[in-house]
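Please read these notes beside the sequence and the model. They take up a loop residue, then a pair of helices, then the chain as a whole.

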Amino acid sequence: MQSFFGLTLKDLEAAISSLGKEKFRARQLYTWIYTKSVFDFHEMTNIPKSLRKIFQNMFSTELLEIREVLLSSDGSRKFVFAMDGDHIIESILMPEKERNTLCISSQIGCRMGCKFCVTGKIGFKQNLTAAEIVGQVVTVKEYLRKNNEARITNLVFMGMGEPMDNLDNVLAGLVILKESIGLDFSYRRITISSVGLVDGLRTLPLKTASVAISLNAADDATRSRLMPINRLYPVGKIVDFVRSFQGPNRIRTTFEYVIIKDINDSPEDARRLAELLKGIKCKINLIPYNESPYTEFKAPDQKSVAMFHDYLYGQHFTTMIRDSRGQDVSGACGQLGMRYLEKSQTASIKSQTDDL
């Protein structure tokens with residue numbers, strides 16, 4: 001049985017046409033499931049009963065299993081979804097005044113190995129399918145609906161994994177998420193965050209999503225120390241790509257800069273970043289590093305963060321200090337997947353104890 005949540009509208013039309021049935025049934029299904037939140041085919045009253053039974057046997061509308069919902073003191077919530085093979089997916093819901101942003105994952109683990117990121121420490125486990133990507137959104141959407149809470153307004157691919165390393169599934173998921181008779185997310189309300197896999201970013205069709213690039217240093221030596229992928233996609237290559245990023249009505253590129261104490265937080269680092277990005281239409285998100293027992297890096301001083309912001313602002317860059325959300329539930333930037341390391345550490349301690 002195929003998951004309904006992995007089917008684009010065209011896929012669904014093709015599947016229904018192969019049965020010799022009318023293609024418009026696909027639009028009916030999309031409306032029932034994504035707009036009306038009806039997941040039982042037998043309740044879809046404008047579809048013939050015989051066809052409902054066929055659909056029931058063809059497609060699964062089972063939502064992801066929520067293992068835990070962890071509430072942070074700042075109002076954020078981490079959703080932990082149970083998967084086969086003892087794996088989990090983590091998503092973070094971040095409420096703000098005018099938006100309700102869901103940070104979703106594209107992989108379990110990550111291949112990029114960024115030294116400051118907990119997710120990178122656990123290694124790569126598996127790609128998420130389009131159904132599992134869309135499933136995070138639909139499952140949280142239903143959780144909020146049943147609790148009479150505000151709907152999701154924005155999506156960010158900033159959870160576990162590198163979206164451009166799972167390109168086909170991410171692109172298929174985006175088509176489903178943006179379908180106007182379905183979930184209907186505007187491309188302006190979806191952001192894809194990448195470490196800078198330029199070859200993948202070049203394939204993104206216009207008006208797919210906003211793009212954020214995790215830069216974190218303005219020189220290759222520092223960036224390579226933090227992000228091994230810089231050896232393949234160095235700073236200059238990323239900046240050249242952004243400068244040539246064409247298209248009508250393109251939303252400006254966002255650069256994410258994780259500020260780490262004594263690594264990339266000096267006045268000279270701020271000056272180099274401003275020089276590097278001079279003339280580029282962009283926004284800069286400054287992210288104070290979230291400490292973890294699994295990395296050696298330290299959070300920056302507030303004074304350093306303020307200095308960095310004020311310097312870039314003075315150089316006429318649109319610059320924001322991004323609040324760390326969900327730190328107390330291991331849901332902040334770079335913290336997802338920590339329980340994989342906790343589990344590994346517990347197993348190691350148990351093994352050492354057993355050997356005594």
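**Notes on the model**

1. Pro293 lies in the loop between β13 (282-288) and α11, where helices (H or I, at least four residues) and strands (E, at least two) are DSSP runs, numbered from the N terminus. Pro293 is exposed, with a relative accessible area of 71%; here buried means under 20% relative accessible area, exposed over 50%, and partly exposed in between (1.4 Å probe, protein chains only). Although Pro293 and Val118 are 175 residues apart along the chain, their C-alpha atoms are separated by 9.3 Å.

2. This is a predicted model, in which local features need pLDDT of at least 70 and side-chain atom pairs count only at pLDDT 80 or more, while totals for chains, interfaces and linings use all residues. Residues are numbered from 1 along each chain as its sequence is written, and side-chain values use heavy atoms, with hydrogens and water left out.

3. Which helix axes come within 9 Å and cross at roughly 30°? They are those of α10 (residues 267-276) and α11 (residues 302-314), the axes being lines fitted to C-alpha atoms, for helices over the stretch in contact, with angles that run from 0 to 180 degrees between N-to-C directions. The two helices α10 and α11 are therefore roughly parallel to each other (angles under 35 degrees count as roughly parallel, over 145 as roughly antiparallel, 65 to 115 as roughly perpendicular and the rest as oblique).

4. On the α10 side, Pro267, Asp269, Ala270, Arg271, Leu273 and Ala274 meet Met307, Phe308, Tyr311 and Leu312 of α11, contact meaning heavy atoms within 4.5 Å. The residues of this contact of α10 with α11 divide into eight nonpolar, two charged and no polar; Ala, Val, Leu, Ile, Met, Phe, Trp, Tyr, Cys and Pro count as nonpolar, Asp, Glu, Lys and Arg as charged, and the others, Gly among them, as polar.

5. Two further loop residues deserve a look. Ser37, in the loop between α2 (24-35) and α3 (49-58), has a positive phi of about 60° although it is not a glycine, and Ser37 is buried, with a relative accessible area of 11%. Asn148, in the loop between α5 (130-146) and β9 (154-157), is likewise not a glycine and has a positive phi of about 55°, but Asn148 is exposed, with a relative accessible area of 75%.

6. As for the chain as a whole, there are twelve helices and 14 strands, and 54% of the 356 residues count as buried.
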